[in-house]
Amino acid sequence: MHKLLLIGSQGQVGRELQRCLAPLGELAVRDRTTLDLSNAAALRAAIRGERPDVVVNAAAYTAVDQAEQEPALALRINGEAPAVMAEEAKKLGALLVHYSTDYVFDGAKDGPYQEDDAPNPLSVYGRTKLAGEQAIGAAGCRHLIFRTSWVYGLYGKNFLRTMQRLGREREELRVVDDQIGAPTWSRMIAETTALALRQPAADGIYHLCCAGVTSWHGFAAAILAAQNWSGRLSPIPASAYPLPARRPANSRLDNGKLQRLLGLALPDWRSALGLCLADQAER
Ligand SMILES: NC(=O)c1ccc[n+]([C@@H]2O[C@H](COP(=O)([O-])OP(=O)(O)OC[C@H]3O[C@@H](n4cnc5c(N)ncnc54)[C@H](OP(=O)(O)O)[C@@H]3O)[C@@H](O)[C@H]2O)c1
């Protein structure tokens, strides 16, 4: 039987992975309280102690704007910790599953990004996530890196939950309309990860996001419509909502490579949002 070690089990994706990975073998989990990724020695010891066949890293420094003020810490978690995981995975002959982001790109491309398009991150967060990808590639362990985008779900801090709260509190909202991408439900990421682990040929970088495209404004409109919000939602340019970290205008990721590998079709972002909201309503 396979032994899996899930690191970052309390994040949006990590919580969904706990369920989706459970049937695949013996699952050991670590969250920030039991494994701090800023401690490289503790990370090595955890992997050596568990001797897993698969390490799944769902932990990351994801505070995109705060990273501009804490580049060293962001690099330690997003760049150096994955390097340690990759070294240890290589020694064990284990597979390392890791997640990365649309923010490794600058968004200047006209059309969806493919896996081999040149990265050019605009932010500290994007640069540290790219450093993690590169360290894993350089270590030479078997690996799967899933670049995803605009992650939301029923847990943690995310755009869906923020918009639902603002919809309850306000009657007028302004949301950025000139950044486009695909909102991706954390459960889709976890379920697709579990499917990929059943595919022995899987190796390398894959884009993993829902199908279709929208803007943050379009995503907000769909969320607010689902809660029958009767307020006024206005589109604004990103320049009218300045943030410390620059974001790409185009976050579209082409997920054809992953779909061909696994023989599946990732749902359109609207369908996935509907499934997520149905799940929320049942609780
Ligand atoms: N969220 C997005 O929109 C998005 C988009 C593209 C790619 N991704 C990538 O997808 C992956 C999963 O993201 P997510 O949305 O699930 O992120 P998340 O909800 O922020 O979860 C990240 C987890 O990592 C933990 N963590 C942070 N620093 C740590 C440390 N020093 N030691 C141990 N654990 C630490 C966090 O703990 P605390 O909660 O205690 O800080 C949290 O549980 C990440 O690789 C992320 O870069 C995310």
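Hi everyone, let me start with a crossing: helices H2 and H3 pass each other in a right-handed way. Helices here are DSSP runs of H or I with at least four residues, strands are runs of E with at least two, and both are numbered from the N terminus.

Before I go on, some housekeeping. This is a predicted model, where local features need pLDDT of at least 70 and side-chain atom pairs count only at pLDDT 80 or more, whereas totals for chains, interfaces and linings use all residues. Residue numbers run from 1 along each chain as its sequence is written.

Back to our pair. H2 covers residues 40-50 and H3 covers residues 71-92, and they pack at about 30° with their axes 10 Å apart. Axes are lines fitted to C-alpha atoms, for helices over the stretch in contact, and angles run from 0 to 180 degrees between N-to-C directions. That angle makes H2 roughly parallel to H3; the label is for angles under 35 degrees, with over 145 roughly antiparallel, 65 to 115 roughly perpendicular and the rest oblique.

Who meets whom? On the H2 side we have Ala40, Leu43, Arg44, Ile47 and Arg48, and on the H3 side Glu80, Ala81, Val84, Met85 and Glu88. Contact means C-beta atoms, placed from the backbone, within 7 Å of each other. This contact has 6 nonpolar residues, 4 charged and no polar ones. For the classes, Ala, Val, Leu, Ile, Met, Phe, Trp, Tyr, Cys and Pro are nonpolar, Asp, Glu, Lys and Arg are charged, and the others, Gly among them, are polar.

Let's zoom in on Ala40, which sits in H2. With 14 other C-beta atoms within 10 Å, Ala40 is partly exposed. The scale is simple: 20 or more other C-beta atoms within 10 Å of a residue's own is buried, 12 or fewer is exposed, and in between is partly exposed, with C-beta atoms placed from the backbone. Setting aside neighbours within four places in sequence, Ala40 touches Glu80 and Val84. Ala40 and Met85 are 45 residues apart in sequence, and their C-alpha atoms are 9.2 Å apart.

Next, H3 has another partner. The axes of H3 and H4, residues 124-139, come within 8 Å and cross at roughly 15°, so these two helices are roughly parallel as well. H3 passes H4 in a right-handed crossing. By class, their contact has 12 nonpolar, 4 polar and 3 charged residues.

Now for another pair: H5, residues 159-169, packs on H7, residues 216-226, at about 55° with axes 10 Å apart. H5 is therefore oblique to H7. Here Phe159, Leu160, Met163, Gln164 and Gly167 of H5 meet Phe219, Ala220, Ile223 and Leu224 of H7. That contact counts 7 nonpolar and 2 polar residues, with no charged ones.

On to the ligand. Which residues come closest? They are Gly11, Gln12, Ala59, Tyr99 and Val151, in a shell of 26 residues. H1 (12-21) and E4 (95-101) are the elements giving two or more residues to the shell, and H1 gives the most, with 3. The shell splits into 11 nonpolar, 11 polar and 4 charged residues.

Because 7 of its 10 residues are buried, H1 is largely enclosed by the rest of the structure. Its cover includes strands E1, E2, E3, E4 and E6, plus helix H6. Beyond its neighbours within four places in sequence, Leu17 contacts Leu6, Val56, Ala58, Ala190 and Thr193.

Arg51, in the loop between H2 and E3, has a positive phi of about 45° although it is not a glycine. Trp150, in the loop between E5 and E6, also has a positive phi, near 45°. Are they buried or exposed? Arg51 counts as exposed, with 12 C-beta neighbours inside 10 Å, whereas Trp150 is buried, with 24 other C-beta atoms within 10 Å.

How values were computed. Near = placed C-beta within 6 Å. Contact = placed C-beta atoms within 7 Å. Left-handed = near helix turned anticlockwise from the far one by under 90°.
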